Amino acid sequence: EPEVTQTPSHQVTQMGQEVILRCVPISNHLYFYWYRQILGQKVEFLVSFYNNEISEKSEIFDDQFSVERPDGSNFTLKIRSTKLEDSAMYFCACSGTGEQYFGPGTRLTVT
Amino acid sequence: GDSVTQMEGPVTLSEEAFLTINCTYTATGYPSLFWYVQYPGEGLQLLLKATKADDKGSNKGFEATYRKETTSFHLEKGSVQVSDSAVYFCALSDEGGSEKLVFGKGTKLTVNP
């Protein structure tokens, strides 16, 4: 069964550093998403991406965040200057015409 | 805005017990409703879904019925197994699933032998 993969599984970075989280969605899916889950809290929507542009973003997704689909297979989330409060589990998801399929997540720890 | 409220956990049951995890929602339109499950160390997996009122979603012995009158989508299973131990998330989407998902906080279920 096709699956969504994410790398790395765990990333530790210092405050102020840039991080790039990578995702390989299911190959024929057209809609892509990032969500995050701060420890003990809800899974929160960050951004959706379709046809090479952002289709919706949440208030969390400020100018420090960006997404890209650089080569037709990867889908990346960049955080330009990380803050302590960016520490969370980040999930990539994709969908074709129906439900969303999630990756295993990247745990980001900002120190 | 749209929101999902689900029963706080953790929930601990013995094998073969009956499970209910309550979920209610607030939405302006007619959302699709989902239950996702997260096993330890894994991503979120779709467990079941319902796209309109009175639909019943079912999978692996789990069921949930879309109740518009009570804005609820409670998850049930008649006889849980140790392998059902996981975190369960109720979620909604404005469309069939291609729009953003709004999640509840998750309910951790532990089933003891």
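The paragraphs below treat the interface and then the cysteines of this predicted model.

**Interface of chains A and B**

Contacts link 18 residues of chain A with 19 residues of chain B. The two chains bury about 1,500 Å² between them, with carbon and sulfur atoms contributing 56% of that area. On the side of chain A, the greatest losses of area to chain B fall on A:Lys42, A:Glu99 and A:Phe102, which together account for 33% of what that side buries.

Two salt bridges are found across the interface. In the pair of B:Lys100 and A:Glu56, the closest N and O atoms are 3.1 Å apart. Six residue pairs are in polar contact between chain A and chain B, both residues having pLDDT 80 or more. Strands β4 (31-37), β5 (43-50) and β9 (88-95) of chain A each give two or more residues to the side that touches chain B; the largest share, four residues, comes from β4(A). By class, this side of chain A holds eight nonpolar, seven polar and three charged residues.

**Cysteines**

The count over all chains is two disulfides.

| Disulfide | S to S distance | Angle about the S-S bond |
|---|---|---|
| A:Cys23 and A:Cys92 | 1.9 Å | -60°, left-handed |
| B:Cys23 and B:Cys90 | 1.9 Å | -70°, left-handed |

Because B:Cys23 lies in strand β4 (residues 23-26) of chain B and B:Cys90 in strand β10 (residues 86-93), their link ties together parts 67 residues apart in sequence. In chain A, both A:Cys23 and A:Cys92 are buried. A:Cys94 is also buried, at a relative accessible area of 0%, but the closest cysteine sulfur to its own, in A:Cys92, is 6.4 Å away, too far for a bond.

How values were computed
Residues are numbered from 1 along each chain as its sequence is written. Chains are lettered from A and ligands numbered from 1 in the order in which they are written. This is a predicted model: local features need pLDDT of at least 70, side-chain atom pairs count only at pLDDT 80 or more; totals for chains, interfaces and linings use all residues. Side-chain values use heavy atoms; hydrogens and water are left out. Contact means heavy atoms within 4.5 Å. Buried area is the accessible area (1.4 Å probe) that two parts lose on being put together, summed over both. A salt bridge is a side-chain nitrogen of Lys or Arg within 4 Å of a carboxyl oxygen of Asp or Glu. A polar contact is a pair of N or O atoms within 3.5 Å; within protein, one must be able to donate a hydrogen and the other to accept it, and residues adjacent in sequence count only if both atoms are side-chain atoms. Ala, Val, Leu, Ile, Met, Phe, Trp, Tyr, Cys and Pro count as nonpolar, Asp, Glu, Lys and Arg as charged, and the others, Gly among them, as polar. A disulfide is a pair of cysteine sulfur atoms within 2.5 Å. Buried means under 20% relative accessible area, exposed over 50%, partly exposed in between (1.4 Å probe, protein chains only).
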